[in-house]
Amino acid sequence: MVPALGVCCNEYASVYVTGGPIPALPCPKCAAVLQAHGWHWRFVDGLFTALRRVKCWTCIKTHVVLPADLCAYRDAKLPAVEAALDVGAVHPTAATRAAGIRWDHDEVAEAVRKVRRWFVAFDARFDQQVRALLTDAEGTWLERTRAVVGSSPGALVRLRAWLWEKHRVLLLGPTGLRRHGLVRDDLRRASPDLCIVTAPPDTT
Ligand SMILES: [Zn+2]
């Protein structure tokens, strides 16, 4: 998985799906230019959406090009996760609202559970991994993130770009970090939000 740095969900289709040749992306392992190679379908904002797959013909490895602000394996965006984190785990319903998740009356429990799972995912191990990469700052992983990339909204999107450019480590979102964007098959299988097919999207 490689991030489409600078290209968020709202522009992704025009750059990577309906446009002409895709921007040149280097392979995270060998730097060869990745070639367009089919499609990866998953839910984005509840809609089944095509993402680009690309392949490194040197490493013989395929990657999905992930919009800059989209979490891997979750139908959630990094700014929404950040808004929930700012409210804090002790106020789960308020955090869910801050994340912009809307629910019908009988779905509130599921919406809150979704956000609680984010908090659980940012555990001590995640904290330790991010802190090890942000050694020029002090504090928790989120405090260090803001010290390094700035504290205005969008810090997690900027953290993803920073980690990728400096360390070739991909911030997936609540699912953690992966060096070179390489993810394990069990993560792929465990996600309810995606499946992989090679049919192109209908762009008419
Ligand atoms: Zn490669």
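## A buried aromatic pair

Phe 122 and Trp 141 are both buried. This is a predicted model.

## Other aromatic contacts

The structure holds 6 aromatic pairs. Tyr 12 and Tyr 16 form one of them: the ring centres are 5.0 Å apart and the planes meet at 25°, so the pair is stacked. Both tyrosines belong to helix α1 (residues 9-17). They are 4 residues apart there, which is about one helical turn. Tyr 12 and Tyr 16 are buried. The rings of Phe 122 and Trp 141 are stacked as well, because their centres are 5.1 Å apart and their planes are at 25°.

Trp 41, Phe 43 and Phe 48 are joined into a cluster by ring pairs.

## The zinc site

Four cysteine SG atoms are the protein donors of the zinc ion: those of Cys 27, Cys 30, Cys 56 and Cys 59. They lie 2.2 to 2.4 Å from the ion. The 4 donor atoms subtend angles of 99 to 114°, so the arrangement is tetrahedral. Along the chain the donors follow the spacing C-x2-C-x25-C-x2-C.

Cys 30 and Cys 56 link distant parts of the chain, 26 residues apart. Cys 30 is in the loop between α1 and β2 (35-44), while Cys 56 is in strand β3 (residues 47-56). Cys 30 counts as partly exposed because its relative accessibility is 34%. Cys 56 is buried, with a relative accessible area of 0%.

Terms used. Residues numbered from 1 in each chain as written. Predicted model: local features only at pLDDT ≥ 70, side-chain atom pairs only at ≥ 80, totals over all residues. Heavy atoms only, no water. Phe/Tyr/Trp six-rings, centres within 6.5 Å; stacked < 30°, edge-to-face > 60°. Helix = DSSP H or I, 4+ residues; strand = E, 2+ residues; numbered from the N terminus. Buried < 20%, exposed > 50% of the residue type's maximum accessible area, 1.4 Å probe, protein only. Donors = N, O, S within 2.8 Å, 3.2 Å for Na, K, Ca; no water. Tetrahedral: all angles 85-135°; square planar, octahedral: opposite > 155°, others 65-115°.
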